[in-house]
Amino acid sequence: MNTKQRDELKQLLLALHSELTEKSPARIEPNRTDDARIGGDEDEQPLNEMMQAIASNRNRNLDGVLARVLKALAKLRDDPDSFGECEECGDDVPLGRLRAMPYAELCVTCQGGKDAPKGRATRRKLTDYT
């Protein structure tokens, strides 16, 4: 990877860092604040709890991406020659992947192995019943 490509990816990382730090955490206020107050819509409380869980997961995911962005920026600063190398196999991460996810730590092959389902598939196919 040449200096121009590293500078391009650094700009992408800085823009992503700025975007993530400007966002305030998603927060859904509970619709029932005390046990005495019961609303007229019985579906309202479970729906609100589901929305709170989704907001919480989204906040956790954004924190994870921000941590990976900071790690990538530190790697660019401290060891720019190794930026863009897969952390498992050492091969170069394709530039297209880095442009899409400048904080990518693994090549497609290693990421696929990491994301592969563990164990036997639990979902059955129609041909399993014949």
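Is cysteine 107 buried or exposed?

1. Cysteine 107 is buried, its relative accessible area being 8%. Here buried means under 20% relative accessible area, exposed over 50%, and partly exposed in between, with a 1.4 Å probe and protein chains only. Cysteine 110 also counts as buried, because its relative accessibility is 14%.

2. This is a predicted model, in which local features need pLDDT of at least 70 and side-chain atom pairs count only at pLDDT 80 or more, while totals for chains, interfaces and linings use all residues. Residues are numbered from 1 along each chain as its sequence is written, and side-chain values use heavy atoms, with hydrogens and water left out.

3. A disulfide is taken as a pair of cysteine sulfur atoms within 2.5 Å. By this rule there are zero disulfides. Cysteine 107 is in none, and the nearest cysteine sulfur, 3.6 Å away, belongs to cysteine 110.

4. Lysine 71 sits in helix 2; helices are DSSP runs (H or I, at least four residues), numbered from the N terminus. Lysine 71 is partly exposed at 42% relative accessible area. Its C-alpha atom is separated by 9.5 Å from that of glutamate 105, 34 residues apart along the chain.

5. Aspartate 92 is in the loop between helix 2 (44-78) and helix 3 (95-100). At 58% relative accessibility, aspartate 92 is classed as exposed.

6. Asp79, Glu85, Asp91 and Asp92 form a surface patch of negative charge. Patch residues have over 30% relative accessible area and no salt bridge, with like charges joined within 9 Å. A salt bridge is a side-chain nitrogen of Lys or Arg within 4 Å of a carboxyl oxygen of Asp or Glu.

Note on methods: Patches are made of residues with over 30% relative accessible area and no salt bridge: like charges are joined within 9 Å, nonpolar side chains (Val, Leu, Ile, Met, Phe, Trp, Tyr) within 5 Å. Accessible areas come from the Shrake-Rupley method with a 1.4 Å probe; for residues, only the protein chains shown count as cover. Lys and Arg count as positive and Asp and Glu as negative; His and the chain ends are not counted. The place of a charge is taken as NZ of Lys, CZ of Arg, CG of Asp or CD of Glu. Helices (H or I, at least four residues) and strands (E, at least two) are DSSP runs, numbered from the N terminus.
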